[in-house]
Amino acid sequence: MLDASTLQTAIANAHQQLVRAFCERFPEWTLPAFDGLMALPPRRQWQAVNDYWLARKHGVLTLKLKELGTLPADQRPSRGAALNRFKAEVEAVLSQLEAQLRAFEEAETIRREAVDVTLPGLVRRRGRAHPLTQIRERIEDIFVAMGYAVEDGPEVDTVFYNFDALNIPPNHPARDLTDTFYIDDELALRSQTSNVQIHAMQRRKPPLRIIAPGRVFRRDEPDATHNPMFFQVEGLNVAPGISMADLKGTLQVFLTKLFERPVTLRFRPSYFPFVEPGAETDFQCPFCEGAGCRICKHTGWIELGGSGMVHPNVLRACGIDPTEFSGFAFGFGIDRMAALLYGIDDIRLYYENDLRFLSQF
Ligand code: DAH
C-alpha cells in the first residue's frame, strides 16, 4: 500500500523532473526557488506544486504565457506552442499524482475508521433490581394471581395505627422504648406492616384481600439475622365465613408457587394481640423435604411467620361487624425468605450496597 512518505517523494521527484525539463527547454529563463516541499503532507504538497506551475496569478507558466506578448512577434508562435506543450505535460503529471493521492487518502480513511473486532469490547454494566425487590415482586405476583391487591402504608405512623387499633395493650413490650423508634409521643416508625391492615379496613369495605409489603424498623442490634430495618409482607383477607382453613390453604398455595414444589404447612399456637386464635406458621423444609438439613437446622421445618384470625377488637376498631365478617391475617419477613431462596446466611449483606454481592442476583 502507498504510504505518505513514498507519495511525498514521488511528488517531489515529479516536480524536480519538471524543473529539469523546463530548464532544458527554456534555458534563457530562470525559475523561482521552491524549498520545503518535502516538509508538507502529500495533499498540501501536491497543491503547492500545482500552484507553483499553474496558479492563476503567480504560477510560473501563467506568468510566462503572459510574457509572450513582450517577445518579438516572430518568436511568439513557437514559444507559445512550446510553453503550452509543457503546460499540458505538467497537467498530465499532476493529474496522475492526484489519482495516486486519492487512492492514498481513501486507504487512510479506511485505516482510520477500521474497527478492530478482536479488541476487548466496552462492557456496559447493566443495573438490575435488588434481590429483595426481586423476591418482593415474586411474592406480589403470586398473591395478585390469587386476587389480592397490593397495598402501601406509612412507615411513620401514629400510636393508634401502630398499636391501639391492633389491640396491642399499653403494657405490651412492642410499645417499649427499647423496641420501637419513636418520633414523639404520638408518632413512631412502624415495627410491623400490620398497621396497613387498619388503614386498608378503614379505606375499603370488606370483602377485602390485600397484601402489604414494606419496610419495618426495630431497635435490634445488627447481626446475621437481625437489622434495625428490614422488610415484611402483611396479608389480610376479610369476608363473611373466612376460616383458618382458608388461611392454611392460601399460604400453602403461596409457598408451593414460591418454591415451585409441594410445600406442607403446620400451625403452632402462638400469641399476637391482633389475632385470635393466633399461630406461628411453619412449612416443611423444601430443600430436604423434612429430612433435616443445614437450612432447616436439622428440624425439617422452617418458620414462615405469624398468622391467625383477625381479632374481633381489630375489626371493631375499623368499623367492621365481627358477627358478619371474619378474616385471617399473616405476616412474614422478605429478608428471611430471600435468604432462603438465594442461600444467603447474613441479611446485613442486603444493605451494604456491595456490588460484588448485589450483582450475583
Ligand atoms: N406482625 C407480626 C410480626 O411482625 C407478624 C404477624 C403475626 C402478622 C400475626 C400478622 C399476624 O398479620 O396475624 O411479628
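Two strands count as paired here if DSSP finds at least two bridges between them; helices (H or I, at least four residues) and strands (E, at least two) are DSSP runs, numbered from the N terminus. The model is a predicted one, so to speak of local features takes pLDDT of at least 70, and side-chain atom pairs count only at pLDDT 80 or more, while totals for chains, interfaces and linings use all residues. Residues are numbered from 1 along each chain as its sequence is written.

The domain assignment (bounds come from an automatic or database assignment) gives domain 1 as 4-113 and domain 2 as 131-358. Their C-alpha centres sit 91 Å apart.

On to the strands. Strand β5 (residues 229-239) has nine of its eleven residues buried, so the rest of the structure largely encloses it. Buried means that 20 or more other C-beta atoms lie within 10 Å of a residue's own, against 12 or fewer for exposed and partly exposed in between, with C-beta atoms placed from the backbone. β5 pairs with strand β4 (residues 208-217) in the antiparallel sense over ten bridges, and Arg215 has Phe231 in β5 as its bridge partner. Strand β9 (residues 326-333) also runs antiparallel to β5, joined to it by eight bridges; here Gly235 is partnered by Phe330 in β9.

Helix α10 (residues 334-342) has Ile334, Asp335, Met337, Ala338 and Ala339 buried. These buried residues pack against α5 (131-145), β4, β5 and β9, where contact means C-beta atoms, placed from the backbone, within 7 Å. After α10 comes Gly343, with a positive phi near 70 degrees.

Now the helix pairs. Axes are lines fitted to C-alpha atoms, for helices over the stretch in contact, and angles run from 0 to 180 degrees between N-to-C directions. Helix α1 (residues 4-25) packs on helix α4 (residues 76-113) at about 175 degrees, with the axes 11 Å apart. That makes the two roughly antiparallel, a label for angles over 145 degrees, with under 35 roughly parallel, 65 to 115 roughly perpendicular and the rest oblique. Among the residues that meet are Leu7, Phe22 and Arg25 in α1 and Phe86, Gln100 and Phe104 in α4. The contact divides into 13 nonpolar, one polar and one charged residue; Ala, Val, Leu, Ile, Met, Phe, Trp, Tyr, Cys and Pro count as nonpolar, Asp, Glu, Lys and Arg as charged, and the others, Gly among them, as polar.

Helices α2 (residues 42-54) and α3 (residues 60-67) cross at roughly 5 degrees, their axes coming within 3 Å, and are therefore roughly parallel.

Key:
Contact = placed C-beta atoms within 7 Å.
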